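I began with the strands.

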Amino acid sequence: MINKTNTIVQSNNLGRFLIKVIFLSVLLLFISCDKDDIEKEEITSSFEIKIDNDQFKFTNGSVGAIENCERISVGVQSDKSAEENFTIVINLLKNGGIGNVQLFDYRFNNNPYETPDFKTDGLLTVSNFEYDEAKKYLHFEYEGELLKVETDFNSLDKNQPRKKINGVVTINDIQSIKCDTFISQLNFTTNTLIFFTNRPCASHDPNLKTNPYQFSFLSTNGYRAIIKSSKDLWNLDKGTYAFEQNSLENRIDLEQYIGIFRATQLLWIRPQDWKKFQTSGSYTIKEHLIINGLKVTKGQINLQVYDNGMLLHSISNGKFEVVGF
């Protein structure tokens, strides 16, 4: 992690933004619906959840659901009584991948619980996922555990308390919010590894002599891909750039998270938590576009991934879309 004061960092705060939107939409629904009307109307949205041994079900105006910037967020906020006082937001990718899940359980010391930082699908599974964007329809089942959020850097290697959750969500009226930004992506699929970006981050440190521009992508399944470059990708000419395992500059690295499951909300990157593979291959700059006022470079990657000489993954025609500086 780069901590220099003159380092420029791009990060994805989409999750926190979506949570605020979810809470606002749920609040507006509560305000606009009369209780008697809610009881009489047809159920169009339902959110069932079991937290440890406690079962709850919410319908219609008690459920908020939005689609924004290639994400789907569903949440409920309940404060009806001391026995039913919690908030949960489930953020999903449009392919059903788990962006993250946040539970604020006000019944027990207001402790927040979340999916793990670097492997969001490690303790929780989503099944029977269906999403129809045209019909604004969403259905999925979920089951697993969430971790108590740890904010003490000195306690990162301690196992955290967990809460079991499971349930079913069905939404027939997802609200769409126009995406007025652009989220960097790097995705590829092979027979041995599927990589879908969950959280992107980019940094520029002019004090680094080698690869001052770094574009990182965290996947849902615990991998991290890093495009390391001597220039902003926006300033590279269209064409193909090749690199070998021993190339120091202008390359793509792949790492796998090997630390314990932890939730911090801060995404602390520690070298000892990551296994670094050897890579060779190329990346191709195909086009430069301005999208929502941002400099976006699109291209493809071809990558061979080795572990001590053994070929693990061969990636062809992986795609990236990167916001430049």
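I looked up L124 and found that it stands opposite G144 in β10. The model is predicted, so I note that local features need pLDDT of at least 70 and side-chain atom pairs pLDDT 80 or more, while totals for chains, interfaces and linings use all residues. Residues are numbered from 1 along each chain as its sequence is written, and side-chain values use heavy atoms, with hydrogens and water left out.

**Entry on β10.** I took strands as DSSP runs of E with at least two residues, numbered from the N terminus, and counted two strands as paired if DSSP finds at least two bridges between them. Strand β9 (residues 124-132) is joined to β10 by seven bridges, and the two run antiparallel. Their hairpin has four residues between the strands, and K136 takes a positive phi near 60 degrees there. Two bridges join β8 (residues 111-114) to β10, also antiparallel; here E114 has L147 as its bridge partner. With β11, β10 pairs in the antiparallel sense over 10 bridges, and L138 stands opposite I171.

**Entry on the cores.** I used "nonpolar core" for a set of buried Ala, Val, Leu, Ile, Met, Phe, Trp, Tyr and Cys residues joined through side-chain atoms within 4.5 Å, where buried means under 20% relative accessible area (1.4 Å probe, protein chains only). The largest has 27 residues; F47, I49, V74, F86 and I88 have the most contacts inside it. Among the strands that each supply at least two residues of this core are β10 (137-148) and β11 (162-171). Another core, of 25 residues, lies apart from it and includes L186 and F243.

Key. Buried means under 20% relative accessible area, exposed over 50%, partly exposed in between (1.4 Å probe, protein chains only).
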